[in-house]
Amino acid sequence: MEDHKEVSKHDSLDIDDKKTEERRETRLQNRLIMEDYREDINEKADAFIKNFRDQLKIQREDSLKRFH
């Protein structure tokens, strides 16, 4: 009977280890997804800022042409 309890404890640890490993993998995958998401947002923000500055430059040039 004692041997049976030892095996059950061991099996239980294996199951817990598997669950823990699955949680770790899930957290890692979520982190990678968030990093990709942040990179995408940063790229879009950079493109928006560049476009905004380019538009300001064009407007400034047009304004100078009109008044000179």
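Glu-21 is partly exposed, with 36% of relative accessible area, where partly exposed covers values between buried (under 20%) and exposed (over 50%), computed with a 1.4 Å probe and protein chains only. The model behind this value is predicted, so local features need pLDDT of at least 70 and side-chain atom pairs count only at pLDDT 80 or more, while totals for chains, interfaces and linings use all residues. Residues are numbered from 1 along each chain as its sequence is written, and side-chain values use heavy atoms, with hydrogens and water left out.

The overall picture is quickly drawn. Helix 1 takes in residues 2-67, with Ile-49 among them. Of the 68 residues in the protein chain, 0% are buried. The accessible surface of the chain is about 7,000 Å², and carbon and sulfur atoms account for 54% of that surface. Such areas come from the Shrake-Rupley method with a 1.4 Å probe, and for residues only the protein chains shown count as cover.

Charged side chains come next. Side chains of opposite charge can pair when their charged atoms come close. The whole structure contains two salt bridges, each defined as a side-chain nitrogen of Lys or Arg within 4 Å of a carboxyl oxygen of Asp or Glu. Glu-21 takes part in a salt bridge with Arg-24, at 3.4 Å from N to O. These two residues, Glu-21 and Arg-24, are three residues apart in helix 1, about one turn of the helix. Arg-24 is partly exposed, at 47% relative accessibility. Another salt bridge joins Lys-50 to Asp-54, with 2.9 Å between the closest N and O atoms. About one helical turn separates Lys-50 from Asp-54, because they are four residues apart in helix 1. Lys-50 is exposed, with a relative accessible area of 53%, whereas Asp-54 is partly exposed at 32%.

Charge also gathers in surface patches. Patches are made of residues with over 30% relative accessible area and no salt bridge, like charges being joined within 9 Å and nonpolar side chains (Val, Leu, Ile, Met, Phe, Trp, Tyr) within 5 Å. Lys-19, Arg-23, Arg-27 and Arg-31 form a positive patch. Arg-31 belongs to helix 1 and is exposed, with 52% relative accessibility. A patch of negative charge is made by Glu-35, Asp-36, Glu-39, Asp-40, Glu-43 and Asp-46.

Ile-49 is partly exposed, at 39% relative accessible area. Phe-48 is exposed at 57% relative accessibility, while Phe-52 is partly exposed at 47%. Rings of Phe, Tyr and Trp (its six-membered ring) pair if their centres lie within 6.5 Å; planes under 30 degrees apart count as stacked, over 60 as edge-to-face and the rest as tilted. By this rule there is one aromatic pair. The pair is Phe-48 with Phe-52, stacked, at 6.5 Å centre to centre and with 20° between the planes. Phe-48 and Phe-52 sit four residues apart in helix 1, about one turn of the helix.

Methods
Lys and Arg count as positive and Asp and Glu as negative; His and the chain ends are not counted. The place of a charge is taken as NZ of Lys, CZ of Arg, CG of Asp or CD of Glu.
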